Amino acid sequence: MTPPDAPQNRWSDLDRPPLNVTALRRGLLRPESLWSGLEVVETTGSTNSDLAERARPGDLAEGTVLVAEEQTAGRGRLERSWTAPPRSGLFLSVYLEPGDDVPVERWGWVPLLAGVAAATGLAKAAGVDTALKWPNDLLVTVEGEERKAGGILGEFAGDGIVVGLGINVSLRADELPAPTAGSLALAGAVSTDRETLLRAVLRSLEHWYGEWKGAGGDAAASGLQAAYAAGCATLDRTVRAELPGGNSLVGQAVAIDGDGRLVLSTEDGLQQPVSAGDIVHLRGAAGGLT
């Protein structure tokens with residue numbers, strides 16, 4: 001037994017083994033693949049910040065993937081922090097360059113695309129029903145309640161966009177950062193093998209990115225808009241949108257429009273699209289506040 005004051009190492013928690021970067025590269029870095037490079041670091045502040053910094057000179061290859069076993073200053077939407085114990089989740093960022101194939105005004109779909117890819121990949125590999133809370137939270141059900149198990153953040157960098165994903169995989173109940181948080185393990189995942197999950201998410205992301213880019217960024221033509229709507233737990237619920245600047249808007253979420261905005265039907269009968277903000281689920285099929 002390891003003494004409680006012994007220094008920690010990458011094998012100190014046998015339930016959370018380190019990633020095998022050689023095996024991951026062998027499985028993902030194929031000549032025809034989107035993924036051009038994969039690096040795994042033991043710890044970093046934020047994979048998004050690191051990859052964005054590398055992209056700014058303009059010479060970072062599309063398809064570069066950066067994974068951290070631990071993030072100490074991970075960032076979510078609205079500058080929220082994201083931290084978790086080492087090797088308890090997937091903490092990664094990817095660099096994509098839609099380039100001239102996609103008008104820049106359609107690039108806002110990339111984080112939503114990553115949400116669809118993560119949800120579908122995790123559903124297959126972990127056997128967990130994963131839903132999307134607009135714009136980019138990943139929800140799982142734990143003891144009958146919706147819990148946030150992951151989040152996605154996109155930011156322009158260099159000639160492209162960096163997309164970061166943080167997913168709670170094996171977090172135990174006493175490790176959760178908030179009562180509203182969850183993990184794949186707590187949701188009854190059939191597998192919490194991070195290599196299997198990472199490969200599934202990246203392959204799903206490659207598929208959806210290829211479909212979307214091949215359609216010139218048209219979310220409807222690529223099937224992305226319909227897929228997002230089908231997996232979105234926010235639709236058909238009464239929500240409160242907390243908007244930039246301190247304003248808020250309450251209404252029923254009725255659609256995801258062609259620009260990826262959430263459309264709310266308000267009490268005065270107006271259809272109001274929301275492009276940015278924090279969404280609170282007030283009422284819906286799952287009940288309660290989320």
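Modeller: Threonine 234 sits in the loop that runs between helix 5 (224–230) and strand 10 (238–242); helices (H or I, at least four residues) and strands (E, at least two) are DSSP runs numbered from the N terminus. The model is predicted, so local features need pLDDT of at least 70 and side-chain atom pairs pLDDT 80 or more, while totals for chains, interfaces and linings use all residues. Residues are numbered from 1 along each chain as its sequence is written, and side-chain values use heavy atoms, with hydrogens and water left out.

With a relative accessible area of 0%, threonine 234 is buried (under 20%; exposed is over 50%, partly exposed in between, with a 1.4 Å probe and protein chains only). A polar atom of the threonine 234 side chain lies 3.0 Å from the backbone nitrogen of tryptophan 134. Beyond its neighbours within four places in sequence, threonine 234 is in contact (heavy atoms within 4.5 Å) with Leu132, Lys133, Trp134, Val239, Ala253, Leu262, Ile279 and His281.

Glycine 246, in the loop between strand 10 and strand 11 (248–256), is exposed at 69% relative accessibility. Its C-alpha atom is 9.8 Å from that of glycine 277, 31 residues apart along the chain.

As for the helices, the axes of helix 3 (residues 109–126) and helix 4 (residues 194–214) come within 8 Å and cross at roughly 135 degrees; axes are lines fitted to C-alpha atoms, for helices over the stretch in contact, and angles run from 0 to 180 degrees between N-to-C directions.

Note on methods
Polar contact = N/O pair within 3.5 Å; in protein donor to acceptor, adjacent residues only side chain to side chain.
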